[in-house]
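Here are my notes for you, as numbered points. Keep the structure open while you go through them.

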Amino acid sequence: MSREQVAVERARKAFQTGRSKDLGYRIQQLKNLKRFLTERLKDITAALQKDLYKSQHGTELYEILGLEGEINVAVSRLAEWAAPRPVEKNLLTISDEVYIRPEPLGVVLIIGAWNYPWAVTLQPLIGAVAAGNAAVIKPSEVCGHTAKVMELISDYMDKEMYPVVTGGVPETQELLRQRFDHIFYTGNSTVGKLVMEAASRHLTPVTLELGGKSPCYIDKDCNLSIACRRITWGKFVNCGQTCIAPDYILCDPSIQDRVIDEIRKCIEEFYTDDPKTFQDYGRIINQRHFKRIMALAEGSTVAIGGENDESQCYIAPTVLKDVSPESKVMQEEIFGPVLPIVPVGGLDEAIRFINEREKPLALYVFTSNQKVIKQMISQTSSGALLANDCLVHYTISDLPFGGVGNSGMGRYHGKYSFDQLSHLRSCLIKKLNMEAVNQMRYPPHTTEKLRWARILLTKPVNLGRLRRFAQVAMLAALAAFVMQVR
Ligand code: NAD
């Protein structure tokens, strides 16, 4: 048996003991995970410094605080999430118990990406634990130092229930040959398709958290200095390696130069005039990605930045101007600190531009005009839409996070993670009396029975408000029906 097979089998055996069904156990495991984050913070930040040149404060701000917040939400709301959820009944089931019971799925495979390796790997884990599943955790091999530290989770959590399996593509493929009850993958859409193909062999449901090009439209009617401040932050944090970073700007040619001036000022303010030596400006993860990003920028006009150093995987915050839609940089997700500006003649053209392409993970619009925001919302589709800011929707646990179309499927964060990794089982509990009510469904089928079935099954009734009245009416109707079919 391979190492991966052993880990999955052990996780399944641990799940089958039933211990993860207990809410107290789940809460304890979540608290253990939080303790791991606190006690191992130094190891976590040191590893990320080596992998992505992230600063200690940056790691805490962008990776750890969000996880702690999600754990707190899960711990405080788990009892409510896991409780049976009564639903509205119809007239036929009015005296029955009808509810949804969230149940664990079984063993979940979590495949993480490298750009925010803690956030994108452990956030799904929080959902998996809260929902009562076992989980096999596969960190990205691309951030090797971080993956090593992630293995230490086994010292804190139930290591049979939540094994960490490290390794590269062969190991991930071996994992994908095993049977899981859900696969939660974060990464690029090419591998996303492979994951889905592997999952289909066992009819395993998948959540795919993918990426793509997230557009950012700047309207003429806008406070450009504030807009550019927020865009500069959203684009260049983590050296542009953020799945929801604004990938490119769309704006009227008449404001392009002012946008460039404002972004230049913000780059200097945030990262000094020498970002290469500044602690809060990161690096590209590896030389393969460095070369890919540099090749994308070829052929476009550099307005800001452009300096680079392959030996350090350094690319300065870079803005490209007058970029044509046909240029290389507009053909794939940039995932680096290069920001093209594509001039468009106003909102309608921007909307057309966006709709001609794949549905993005995030869509940004900057404007002081509410009508522009409303039009952008109603005439486009994307995983999320933000007006007048970037990235921050990620921090709201009550907003579902996920893509649509090419940017992914499924959603998570807060209760959405819990629901995504639960089976929402429909339960209807009847008593063995009132058999006469069922006459209408038993053969022989007659016009009269059909008439009654139509009344009882098709009339929309708000039983919430009319419960008492409906119960009385229902009893009267049933009595009449019973009398007739005798
Ligand atoms: P990556 O290279 O780390 O790959 C992700 C995972 O896939 C890794 O664990 C890796 O082992 C596995 N993998 C890679 N090739 C494989 C193969 N051939 N077969 C099986 N498994 C394989 O990460 P990446 O794909 O470079 O990540 C960047 C992408 O992820 C970007 O497109 C970004 O937008 C997206 N992303 C999305 C989100 C989100 O929440 N939607 C978050 C972060 C990143």
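1. Start with the side chain of Ser140: one of its N or O atoms sits 2.5 Å from an oxygen atom of the ligand. Do keep in mind that you're looking at a predicted model.

2. Next, find Glu333, where a polar side-chain atom is 2.6 Å from a ligand oxygen. On its own the ligand would expose 860 Å², and the protein buries 93% of that.

3. Now zoom out to the whole shell. How many residues surround the ligand? There are 27, and the closest include Asn188 and Leu210. Sorted by class, the shell is made up of 14 nonpolar, nine polar and four charged residues.

4. Which element gives the largest share of that shell? That's H7, with three residues. Helix H7 (169-177), strand S5 (182-186) and helix H8 (189-200) are the elements that each supply two or more.

5. Why does the ligand lie between the two domains? Because domain 1 (3-210 + 413-424) and domain 2 (215-400) both contribute residues to the shell around it.

6. Last, have a look at a three-strand open sheet, which runs in the order S1-S2-S17 with antiparallel pairing. Strand S1 (85-86) and strand S17 (422-429) are its edges, each pairing on one side only. S1 and S2 (residues 97-104) are linked over two bridges, and Pro86 has Tyr99 in S2 as its bridge partner.

Conventions. Residues are numbered from 1 along each chain as its sequence is written. This is a predicted model: local features need pLDDT of at least 70, side-chain atom pairs count only at pLDDT 80 or more; totals for chains, interfaces and linings use all residues. Side-chain values use heavy atoms; hydrogens and water are left out. A residue is near a molecule or strand if one of its heavy atoms lies within 4 Å of it. A polar contact is a pair of N or O atoms within 3.5 Å; within protein, one must be able to donate a hydrogen and the other to accept it, and residues adjacent in sequence count only if both atoms are side-chain atoms. Accessible areas come from the Shrake-Rupley method with a 1.4 Å probe; for residues, only the protein chains shown count as cover. Helices (H or I, at least four residues) and strands (E, at least two) are DSSP runs, numbered from the N terminus. Ala, Val, Leu, Ile, Met, Phe, Trp, Tyr, Cys and Pro count as nonpolar, Asp, Glu, Lys and Arg as charged, and the others, Gly among them, as polar. Domain bounds come from an automatic or database domain assignment. Two strands pair if DSSP finds at least two bridges between them.
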